[in-house]
Structure formats: structure tokens, C-alpha cells
Amino acid sequence: MTGKKLTPKEWMITRSIQFSGFSSIIFVLLILYFLIAQGMPALTEVPLKSLFSVRWYPIESYFGILPLVLGSLVVTIGASIVAVPLGVLTAVYIAEIAPFWAKEILKPMVELLAGLPSVVLGFLGILVVSPFLRDVLHLPTGLTALSGSLLLGLIAVPTIVSISEDALNNVPDTYRHGALALGVTRWQMIWGVVVPAARSGILTAIMLGVGRTIGETMTVMMVTGNAPVMPESFEVLFMPIRTMTATIASEMGEVASGSPHYHVLFFIAVVLFVFTLIVNIVASKISFRKMNRSERILS
Amino acid sequence: MADCGFVSTSLLLNAENIGGALIFLWTKLFFFFIIYDCLFHFFSSENRPAFIEGNWLLMKKRMVFCMVIGVLLLAACQVQDKVDSDVASGDAPTYYIQNKGSDTMVNLALYWAEEYQQEHTDVRISVTGGGSGTGITALLSNTVDIANASRPIKQEEIDAALVNGVVSVEHIVARDAIAVIVHPDNPVQNLTLQQVSDIYAGRIGNWSQLGGEDRPIVRLSRETNSGTHVYFLESVIRLGNNEDKTIFSADTLLLPSSEGIIAEVRDNPNAIGYDGLGYITDEVKVIAIAEDVSKGYVFPSVETVNQDLYPIARDLYMYTNGEPEGVIEAYLTYILSPAGQQIVEDLGFVPVQ
């Protein structure tokens, strides 16, 4: 580019593209700034001991965020248990096993699932999933972490499927041919060669899917019961819980701006942001990992 | 530059205009960068500014620098200035009515105001919440025309008003009653207020303790931001005792909507819920409530609420300074008219007969 003067038109185009590129950084920085500016006063307004206690009842100044943080974790872990096997296996089926016509039906279907608004899934949860779980498992109520996990799993599946499928498709055919030439079965080829070769892509897919479930709000607000119960044992999966996202969504609208409650809600948002950040950093660490030597030679 | 930071901060704090503010800020940071870049070029030996040169590394460095400065500036002038939310529009209204108070009534008041303004374009009504106390205090200092309150005015407030030359006049504009509901198959029919309080505070955990089947009790409630939630907490769980600090049992399910509560109560034989009388449908069973056993169990209905028999009910008031006149009188007449009371019913409250 050096030495060559840009025409004004070219200059405009170049700048506007660069401008758009930088805008995302600016937005993230601004969001971070506002989260921190509004969330940090919580640390001084509410004693730390109270902030990390186990009771959340903000209108009487009980600001214990632990049940909310753990509630989010429980739902996210539950959702991953549902979504990871389902998503990865669906991707394997679509990419490796399915005949052409099945692929043509399945791929748009999975994409359709991705486009399903979460409020619709929430309604499905209230009307179908939670009564079903209550009857089958004889629970006191169906509005539990389990129903939230199942539905969130459904939300994460499309992300996992489409990214994993891309990763599987990117595995060179020479791998498959080589494996089959050695006399392995089709299953051994898929499970022993193709999937490991696409490992980093699949892991990225999983992390992005998990990231999606942490931030999901509407569905969990509708189906998890929103009771800020402190998770103490494995049984919590069958009890109502309250997540960070649902808390922010349901309380932010009515809270007096600038009150301790308001700042605590922003503080929860900071915690949520940190969670998502960790997941995204892990995902990018995996996907930008340098290929090792054997992979380089083979591909 | 500090000025720019200040302006954009105040813009950003106005949530309604967040998009516009972000674009503004974005533009500002970009110009900041260009100016900085040009200045840098001016005082250095470079031939042309980096952004024209297309020196990517240099640009990156300066861009980051500008962003850091910009964000710091924003932080430095974080001053919250009030943004007047009064939206000016077309034809200028002749009369203004200031209406402030109870958060429970804020939706109701907004609906009334909207409907009324559609028919009377010369009247502009501004409705704000803040709580019954806030509304009454504003009436005392004569800064509002109508104060909304979900409790009657206290004697000391009446006295304080007289000192300021304000004579508060009470108007009952609607009633608020809360029905306690269970699944249609639940054999429990009657509960005392004390029993409902024990259920929600977590002291009673099984329907068999109340003469029902051996089932765990699943408590349902509206979210904490709902006026119904607060009223239920104060008048049922704490039985109206201000000293009492009992709160909802931690495993109470807080559902975001009335529909959510109705749906769960309809489907779940373990559930108990409560909601404004107007939201109750036929698919759930309404419990008869007694303030105390000797006073007998009463089902909530428009009649029992208006006759003051049902215990979980309260009047909703509007207070004016002196007998209302002119526009305010016309507005209050509208509120008490069948059209105004229809809105009361639509929003889940009990109309005044």
C-alpha cells in the first residue's frame, strides 16, 4: 500500500470498513465500562459477607448472590450433559453417516431449531416438559433445574451441531481413505480417526454452545421456578433454582436506579460477564491452538 | 475533550436513546483518533498521518490509545444529570395534571391517563410511581394534583398537610383483593390467614397438616417487583405487623407472570398460589379465607370485597387538595365511570360499585 495514494473514494471505503471493524471493540469496552461503573459500588454498599451469603431477597436487603451463581452453574452443567452428546453425535451422523437425502433434511431442521425463539421453548417447557417431568419423576413441581437444563440443552444443540459438522467436514478425505485402506471398520474410522482429527473444532463448538446456555434468559426464567434455593447436593437438579440471568431480567425493570439493589444487579452482570469471558477464552484457546506436527504433515 | 465525554455520558445514561448515544460516542472516538493522528503527524517527522499512510501498526497503537483516553474521560465525568422525560409533541395541551404515588397503582393510573388523553387531547396527565408515601408527601408540598395511595392517609400526614394549607380529600377509586388458589383436586377448602402465613413462611410444608392429602406444598408467588408480592408479604405473611421480619420461604417459586402461576396451579396438585382477583380463571380452585376462625371463611368476590368481608383486600385511593374542580374533577368522574372501572377490572383489580 505504501507509496500509492488512495483516491478519496477508496479512502472512504477503507476507512468505513476499518471503522466497522473497530466498532465491535468499542462496544465491548463500553459495555464493560458501564457494567463495572454500575456494578462496583455494590462492593462498598453491601458488606461482602452479605453479598456472598446464601439468601437472596432483595426487597428486604438480603443480597446473597451465591444461590444465583450456583443456580446458573447447575443449569449450565445440566444443559451441557444433555447437549454435548446429543450435539456431537448428531454432527457425526450428519457429516459421516447420513445418506445425502437425510443430510438435506437434517441440516435445515437443525438450523430451524437454532432460530426458535427462546420464549417459545419456554412455553413448551411450561406446558409440556415440566408437567411431564413432574408426573414421571414424581417431583413436587416440574419447574426445576432439570427442565431448564433439558430446554437449554435444546438451545445449545444447533450451535454444537453446525460448528462440529463444519469441523468434521474439514477433515481431509485422505484421512478416511487411509484409515479404510488399513482395514478398519467404518465405525473405527469415524471414532478413531475423523472425530479426533476434528477435535479442536468440536471442542470449540461445545464451548460456544455452553456459552450460549449461560447467557440464556427467557427460557430459564419461565421454567426453572426462580426460587433462590442454595444448591447443596445433587438433588438440586430436581428442585427449583434461580439463575443470574433470570434475576437480572425480572428485577432490573422495577428497581430504583442507583439503589444498592440496582448496583448488586449490575454486579451480578459483571459475574456473568466474567463467566462468559472465561468460556470464550477457553474456546478461542482451543480453536487457535497451533496444529501439531503430524497434523501439519498430514493435511 | 472533557466536554465531549460529559455530553456523551449524559446521553448514554438516558436509556431511551442508548442506540443514538452509542453512535454518537463511536463517531466521537473516531474523530478523536483522526485528530490525534493528524496532530501526531504535525509534530513529528512523518510524511503523512498514519491513517492516510495506511500504517496499520501505528494506527492500531493510536486507536487503542484513543480508546483508553476516551473511556477514562467517560469515567472522569460520570455525572448523572436528569433527563427530562417529558416528551413534547404536536398540539400543545391546555391543562396539566400531575399524578404520583403508589407503585401498585402505577399501571392502573397509566391506563386511565392514556385512555382519558385519547378522548381529551387538551389534557396532559403525567403519571409517576415511587410509592404511596412519596405520592402523599408530594401532595402535602402541593407539587402534585392527585396522589395515588394503596393505604389510607395517616393522621400525621393530614396534620402536616393542614400546616401547608393543603386539605386532603380522599377518593376510593378501586379495590385490590388477592385470591389464594390451589389445584381443583385439592380437598383443602378453607384456610385462615395464619395458616397461609405459615405455609409461605415455610412453617407448614405438607398438605396433610392442613387436612389435605399427603403431598408436599409447592409455594408460588409473583416476582418481588410486583406490588401484589409486597402487599401479600406485609398483610398476609406478616399479618400486618410492621415489626415482623418474616419473609417468604427460600424455596418459594417466583414466577414472572400471572399466567405462569395460573398454569402451574392448574396442573400441579401440590401447588398453592396467589394473585389479584381479576386474574383468577375458572381452571383453579379459590380458597375461602378467614381472618380468624370465629369470623368465618369468606370467598373473594366483587361483593365480599366491596362489603369488606374478605380479609386480603384493600382500598386504592386517590387524594386531591380540596374538593376537585375543573379538569381534575372531570378526570376523577371518568375514573369512577363504567369506562374507568372497566380498566380496573381488566387490570385485575376490583371495581368500586
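What follows is a short chat about a predicted model with chains A and B.

Q: How many helices and strands are there in chain A?
A: Chain A has 14 helices and two strands.

Q: And what box do its C-alpha atoms fill?
A: Along the principal axes, the C-alpha atoms of chain A fill roughly 70 × 70 × 35 Å.

Q: What percentage of chain A counts as buried?
A: Of its 299 residues, 41% count as buried.

Q: What about contacts in chain A between residues 24 or more positions apart?
A: Taking the contacts in chain A with a separation of 6 or more, 76% are between residues 24 or more positions apart.

Q: Let's look at helix 4 and helix 10 of chain A. At what angle do they pack?
A: Helix 4 (residues 66-97) and helix 10 (residues 199-215) of chain A pack at about 140 degrees, and their axes are 9 Å apart.

Q: Why are they called oblique to each other?
A: Angles over 145 degrees count as roughly antiparallel and 65 to 115 as roughly perpendicular, with the rest oblique. The angle here is about 140 degrees, so helix 4 and helix 10 of chain A are oblique to each other.

Q: Is the crossing left-handed or right-handed?
A: The crossing of helix 4 and helix 10 of chain A is right-handed.

Q: Which residues meet there?
A: From helix 4 of chain A, Ser72(A), Thr76(A), Ala79(A), Ser80(A), Ala83(A), Val84(A), Gly87(A) and Val88(A). They meet Ile202(A), Ile206(A), Gly209(A), Val210(A), Thr213(A) and Ile214(A) in helix 10 of chain A.

Q: How does that contact split by class?
A: The contact of helix 4 with helix 10 of chain A has eight nonpolar residues, six polar and no charged ones.

Q: Switching to the contact of chain A with chain B: how many residues from each?
A: Chain B gives 33 residues and chain A gives 32 residues.

Q: Which elements of chain B supply at least two residues each?
A: Helix 2 (18-42), helix 4 (56-76), strand 7 (253-255) and helix 10 (258-267) of chain B. The largest share of that side, five residues, comes from helix 4 of chain B.

Q: And by class?
A: The side of chain B that touches chain A has 21 nonpolar, eight polar and four charged residues.

Q: Last topic, helix 6 of chain B. Which residues are buried?
A: In helix 6 (residues 132-140) of chain B, the buried ones are Ser132(B), Gly135(B), Ile136(B), Ala138(B), Leu139(B) and Leu140(B).

Q: What do they pack against?
A: The buried residues of helix 6 of chain B pack against strand 1 (95-101), strand 3 (146-149), helix 7 (155-163), strand 4 (168-182) and strand 11 (313-321) of chain B.

Q: Which residue just after helix 6 of chain B takes a positive phi?
A: Asn142(B), with a phi of about 60 degrees.

Conventions. Residues numbered from 1 in each chain as written. Chains lettered and ligands numbered in written order. Predicted model: local features only at pLDDT ≥ 70, side-chain atom pairs only at ≥ 80, totals over all residues. Contact = placed C-beta atoms within 7 Å. Helix = DSSP H or I, 4+ residues; strand = E, 2+ residues; numbered from the N terminus. Nonpolar A, V, L, I, M, F, W, Y, C, P; charged D, E, K, R; others polar. Buried ≥ 20, exposed ≤ 12 C-beta atoms within 10 Å, placed from the backbone. Axes fitted to C-alpha atoms, helices over the stretch in contact; angles between N-to-C directions. Parallel < 35°, antiparallel > 145°, perpendicular 65-115°, else oblique. Left-handed = near helix turned anticlockwise from the far one by under 90°.
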